[in-house]
Amino acid sequence: MPITPLHATALFFLHFKDRRRIDPLALAISTTFIDLEPLYYILLGETLDHRAWHGFTLALTVYPILVTIGVYMTEQLFEGKLWTVYKWARLNPVKARYPPLNIYLLSLLSGFSHIFLDAFTHREMLWVLFPFANGNPFYNWQAVIIIEATVIMLSIYSLWCWMKSIEGATRIGFLQNQNRWMSIQFRLLSSPKFDC
Ligand SMILES: [Zn+2]
């Protein structure tokens, strides 16, 4: 993957498809936080930066549990602030707190998706099938092109869903204002008139 945020944007359309079940915070964190591993090794100056966390074993076991605890606690403590951020980002939110099971299942999917996408695009993911095999059998240059193109297309689709959602929210707001205005006018017209 060229940049970490694409892991999130490629799946973000899911939130716009089902706002009640797909937690935006869990989606953003679970698709990207696994890249703290390469960041850590890059800061240490190590050349091999995709190690144990970039494997299906940890990404499908420990990782979703840690993300679920972190996201659940954050949502309990900062619900109001999250709501403000979602409004600011024009996500048209329906809630800012999600059940732990939703967060866990989304983290599981995101952990899988992150490793799956990285496995085809990073040659040096030696622990991808640990402890069952060594090395990365998935990498090849044709797959790099297909995966990169797919991720970019999915990200564009997410962007399109976001823009449609903003458009929909604006239309609803406009209709509500129009209804309110019409009901005020109706009340004024039907109220008894007092002549002096
Ligand atoms: Zn990664």
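1. For the first point a cut-off is needed: a residue is buried if 20 or more other C-beta atoms lie within 10 Å of its own, and exposed if 12 or fewer do. The model is predicted, and in it helix α4, which spans residues 36–44, is hardly covered, because the count of buried residues among its 9 residues is 0 on that cut-off. Just after α4 comes Gly-45, with a positive phi of about 80 degrees.

2. How do the axes of helix α6 and helix α8 cross? The axes of α6 (residues 62–77) and α8 (residues 100–121) come within 8 Å and cross at roughly 135 degrees, and the two helices are therefore oblique to each other. The crossing in which α6 passes α8 is right-handed.

3. Which residues make the contact between α6 and α8? On the α6 side they are Tyr-63, Pro-64, Val-67, Thr-68, Val-71 and Tyr-72, and these meet Pro-100, Ile-103, Tyr-104, Ser-107, Leu-108 and Gly-111 in α8. By residue class, this contact of α6 with α8 divides into 9 nonpolar, 3 polar and no charged residues.

4. Helix α8 also packs with α3, at an angle of about 35 degrees and with the axes 8 Å apart, and α3 likewise passes α8 in a right-handed crossing. From α3 the contact takes Ala-26, Leu-27, Ser-30 and Thr-31, while α8 supplies Ile-103, Leu-106, Ser-107, Ser-110, Gly-111, Ser-113 and His-114. The residues of the contact of α3 with α8 divide into 4 nonpolar, 7 polar and no charged.

5. Turning to the core, the largest nonpolar core has 25 residues, of which Ala-26, Leu-27, Ile-29, Val-67 and Val-71 touch the most other members. The elements that give two or more residues to this core are α3 (24–32), α5 (56–59), α6 and α8, and α8 gives the most, with 5 residues. If neighbours within four places in sequence are left aside, Val-71 is in contact with Leu-25, Ala-26, Ile-29 and Ile-103.

6. In the loop between α7 (79–88) and α8 lies Arg-90, whose phi is positive, near 55 degrees, although the residue is not a glycine. Arg-90 counts as partly exposed because 13 other C-beta atoms lie within 10 Å. Asn-92, also placed in the loop between α7 and α8, has a positive phi of about 55 degrees and is likewise not a glycine. With 16 C-beta neighbours inside 10 Å, Asn-92 too is partly exposed.

7. The last point concerns the loop between α8 and α9, which is where Pro-131 lies. The peptide bond from Phe-130 to Pro-131 is cis, with omega near 0 degrees. Gly-135 is found in the loop between α8 and α9 (141–190) as well, and its 13 C-beta neighbours inside 10 Å are why Gly-135 counts as partly exposed. The C-alpha atoms of Gly-135 and Glu-124 are separated by 7.7 Å, although these residues are 11 residues apart along the chain.

Definitions and conventions
Residues numbered from 1 in each chain as written. Predicted model: local features only at pLDDT ≥ 70, side-chain atom pairs only at ≥ 80, totals over all residues. Axes fitted to C-alpha atoms, helices over the stretch in contact; angles between N-to-C directions. Helix = DSSP H or I, 4+ residues; strand = E, 2+ residues; numbered from the N terminus. Parallel < 35°, antiparallel > 145°, perpendicular 65-115°, else oblique. Left-handed = near helix turned anticlockwise from the far one by under 90°. Contact = placed C-beta atoms within 7 Å. Nonpolar A, V, L, I, M, F, W, Y, C, P; charged D, E, K, R; others polar. Core = buried A, V, L, I, M, F, W, Y, C linked by C-beta atoms within 7 Å.
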